[in-house]
Amino acid sequence: MSDVTAFHAPIGTHDVLSPQSGRWEYLIATFAGFAHRYGFALAITPVFEEVGVFHRGIGEQSDVARKEMYVFTDRGERTYALRPEGTAPIVRAFIQHQPTTPFKAWYFTPAFRYERPQAGRYREHHQLGVEVLGTDDPSLDVEVVTLAYRFYQALGLRQFRLQLNSMGHLECRAAYVELLLEHLAAHESELCDEHQKTWRENPLRVLDCKNPACVAVTEKGPMLLDHLCEDCAAHFASVRSRLAVLDVTYEINPRLVRGFDYYARTTFEFVSDALESAQNAIGGGGRYDRLVEQLGGKPTSGIGFGSGVERLLLALDAEGIPAKSPFGEMDVFVVDTTGEDVATPLCDQLRAAGIATDRAYDARSMKAQMKVADKSGARFALLVGPEEYALGEVTIRDLRSADHSQVQRRVALTEVVATIAQLRQVK
Ligand code: HAM
């Protein structure tokens, strides 16, 4: 080891290396397959944006904008922020490029929030998500919620619940907030310490507070669901009835006010009962009917959700569900002790035939190379020593059989790709 101090990944961030990364491949590939089947195409936008995209998008008063954003000034004196979430950048790109609507995009993205790191809460986390822009058809709310629901089912998760609410649109919510403010003013002294100070600026947050003092106050107060305007109530009723047709089970949570200001009408969260309650949201989203305007576009309705990859993996672990790489393991490992570099062209041929192939380097001894072959997880070792080389042959050894020296055969070097392709089919 050198005596220079080594670096570590920043607090609240994680390196994802093999074998863990195989589980990420599995989640991302499964989600990509779902998104494709539901008509979504991949969108990739920059990991940093002008800070206004988030200030105007998620709301300057939101916790994320006030306390958690990574904001920096670059060498050209422009103020940027690392994205704390994936929706506002997609909306910014939608306005910039004006694609035809409905515009359906899926993404896999890191997100950065300066939070107190703990299990399931990180400063860099990753989200799989979708956004649709261009219609307020309730069928779309159902489609987006169902995509998430079926994705979680396909992963094998059982202990998750879908919570549903409607935040109304700007006008009916504003009327409701007046009622809520009146109620909170009358009970100010009964609120938790934090909300005694902040209830005026963001009264809806009090609904979300888990402190029993706030719960007791809001329980007696008005709920937004009882104060929706006729249109918002009708929209919510059709979302509910269409979900019921699909057997997508949900519970109504009138306290569900999500963390960003852009939400309107349908909002939802998926919680896992296998996780600690403070970090049990495996995904969440909703409709945003003003966000496009707020970012400078024409009035356009949108809806989407984001799902935390780290939280999904914790939920899979907690439910004891294995998640493996979709690519499977190595097929073969080439051990070459000829000193003639047979391995290089052999690996090239195997890989060209779609066979996952690894090999040893540095002309090490047979014993040393076999050790690496055993560790590689490959199903077969291909051995080429001086004897095989002289005969133009290769020894194929099954590394998964109990006594692998018993299960080996010699084949001509010219036959090896075809033989492995065949053997690979036999489970
Ligand atoms: P969000 O609820 O803030 O929504 O985040 C979505 C998901 O990301 C959460 O349900 C959780 O699984 C995961 N997550 C959030 N923060 C952290 C963290 N600090 N550490 C680990 N995982 C975390 C959004 O971001 C919205 N953009 C979702 C959306 C899309 N709404 C409409 N479209």
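How far does a polar side-chain atom of Gln127 lie from an oxygen atom of the ligand? The distance is 3.1 Å, which falls under the heading of a polar contact, a pair of N or O atoms within 3.5 Å; within protein, one must be able to donate a hydrogen and the other to accept it, and residues adjacent in sequence count only if both atoms are side-chain atoms.

Before going on, some housekeeping. This is a predicted model, in which local features need pLDDT of at least 70 and side-chain atom pairs count only at pLDDT 80 or more, while totals for chains, interfaces and linings use all residues. Residues are numbered from 1 along each chain as its sequence is written, and side-chain values use heavy atoms, with hydrogens and water left out.

An N or O atom in the side chain of Glu115 is 2.5 Å from a nitrogen atom of the ligand. Gly308 uses its backbone instead: an N or O atom there lies 3.2 Å from a ligand oxygen atom. Taken alone, the ligand exposes 650 Å², and the protein buries 96% of that (areas by the Shrake-Rupley method with a 1.4 Å probe; for residues, only the protein chains shown count as cover).

Around the ligand there are 27 residues, and Glu85, Glu115, Arg258, Tyr263 and Ala281 come nearest; a residue counts as near if one of its heavy atoms lies within 4 Å. β10 (281-288) is one of the elements giving two or more residues to this shell, and β10 gives the most, with seven residues. Strands here are DSSP runs of E, at least two residues, and helices are runs of H or I, at least four, numbered from the N terminus.

Next, the backbone. Two peptide bonds to proline are cis: Ser18 to Pro19, with omega near 5°, and Thr101 to Pro102, with omega near -5°. Pro19 is in the segment before α1 (20-37), and Pro102 sits in the loop between α4 (87-97) and β5 (103-112).

Two aspartates have positive phi although neither is a glycine: Asp341 at about 55° and Asp362 near 70°. Asp341 belongs to the loop between β12 (332-336) and α13 (343-352), and Asp362 to the loop between β13 (357-359) and α14 (366-376). Are they buried or exposed? Asp341 is partly exposed, at 38% relative accessible area, whereas Asp362 is exposed, at 70%. The cut-offs are under 20% for buried, over 50% for exposed, and partly exposed in between (1.4 Å probe, protein chains only).
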